[in-house]
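Keep the sequence and the structure side by side as you read.

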Amino acid sequence: MRIVVCVSGGGTNLQAIIDAIDKGEIRNTEITGVFCNNKGAYALERAHKAGIETACLSPKDFEDRESFNKVFLETVDKFNPDLIVLAGFLVNIPATMVDRYKGRIINIHPSLIPSFCGVGYYGLKVHEAALKRGVKVSGATVHFVDAGTDTGPIILQKAVEVLQGDTPEVLQKRIMEQAEWVILPKAIDMIAAGRVKIADGKVIISEEQ
Ligand code: GRF
């Protein structure tokens, strides 16, 4: 399975995918490209070290969002992916891409959807909201991307305990280590094995063959 990984920041989820492929925990899968909207992102460094082709374009480089979206889609198409993986990617996915890759775009979100998700909930803001609400459990979710924000069918979730005295940064790190870097590679491996289907807006995962 050919995947393109879209990133904006540190790229720790990208690194988890690279490492899982190298260790054989993600089978029959190749990262054909990494797309980034931020030329200073360390994620690009990780891609270069792994010998993966990268493309870096920002909406700021274009006169309007429509012209960015057109080139964004053309660039992703050139990598000829079977699956697009959003891993800490902070640019809205254009409807044209959601349509063309229907059921073939996944995202990792650092909470247990439907809590603390949707417009404005990204990065540390997610964990600030969880701590403000005083939840005792948070975690991460891998879901398919549809036209909404964090609203597509849920593939995998993993819960992580919130501890007394947690700061947003400490909670973020625990959720990344214990949940994100575990369920994102696992979801990709299951999709590559053809074990993930969507029926009536819900994800059905078939047993390992
Ligand atoms: C992670 O918390 C991820 O869940 C969120 O963006 C953050 C940065 O991820 N979507 P990464 O280190 O760039 O993979």
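**Core, helices and charged pairs**

At 23% relative accessibility, Asp77 counts as partly exposed. Here buried means under 20% relative accessible area, exposed means over 50%, and partly exposed lies in between (1.4 Å probe, protein chains only). This is a predicted model, in which local features need pLDDT of at least 70, side-chain atom pairs count only at pLDDT 80 or more, and totals for chains, interfaces and linings use all residues. Residues are numbered from 1 along each chain as its sequence is written, and side-chain values use heavy atoms, with hydrogens and water left out.

Asp77 forms a salt bridge with Arg100, and the closest N and O atoms are 2.1 Å apart. A salt bridge is a side-chain nitrogen of Lys or Arg within 4 Å of a carboxyl oxygen of Asp or Glu. Asp77 lies in helix H3 and Arg100 in helix H4 (residues 95-100), so the pair ties together parts that are 23 residues apart in sequence. Helices (H or I, at least four residues) and strands (E, at least two) are DSSP runs, numbered from the N terminus. Arg100 is partly exposed, at 45% relative accessibility.

How many salt bridges does the count come to? It comes to eight. Arg27 pairs with Glu208, with 3.1 Å between the closest N and O atoms. This pair links distant parts of the chain, 181 residues apart: Arg27 is in the loop between H1 and strand E2 (30-36), and Glu208 is in the segment after E9. Both belong to a network of salt bridges that links Arg27, Asp189, Arg195 and Glu208. Lys173 bridges to Glu177, at 2.4 Å between the closest N and O atoms. These two are four residues apart in helix H6, so about one helical turn separates them.

The largest nonpolar core has 43 residues, and Val5, Ile106 and Ile155 have the most contacts inside it. Such a core is a set of buried Ala, Val, Leu, Ile, Met, Phe, Trp, Tyr and Cys residues joined through side-chain atoms within 4.5 Å. Helix H6 (residues 168-192) gives the largest share of this core, nine residues. Contact means heavy atoms within 4.5 Å. Beyond four places in sequence, Val5 touches residues including Leu14, Ile31 and Val85.

Asn13 lies in helix H1 (residues 12-22) and has 6% relative accessibility, so Asn13 counts as buried. Arg46, in helix H2 (residues 42-49), is buried yet has no salt bridge. The nearest side chain of opposite charge, Asp19, is 6.8 Å away. Lys and Arg count as positive and Asp and Glu as negative; His and the chain ends are not counted.

Finally, look at the backbone. A cis peptide bond joins Ile113 and Pro114, with omega about 15 degrees. Pro114 sits in the loop between strand E5 (105-109) and helix H5 (124-133). Asp200 is not a glycine, yet has a positive phi of about 50 degrees. Asp200 is exposed, at 77% relative accessible area.
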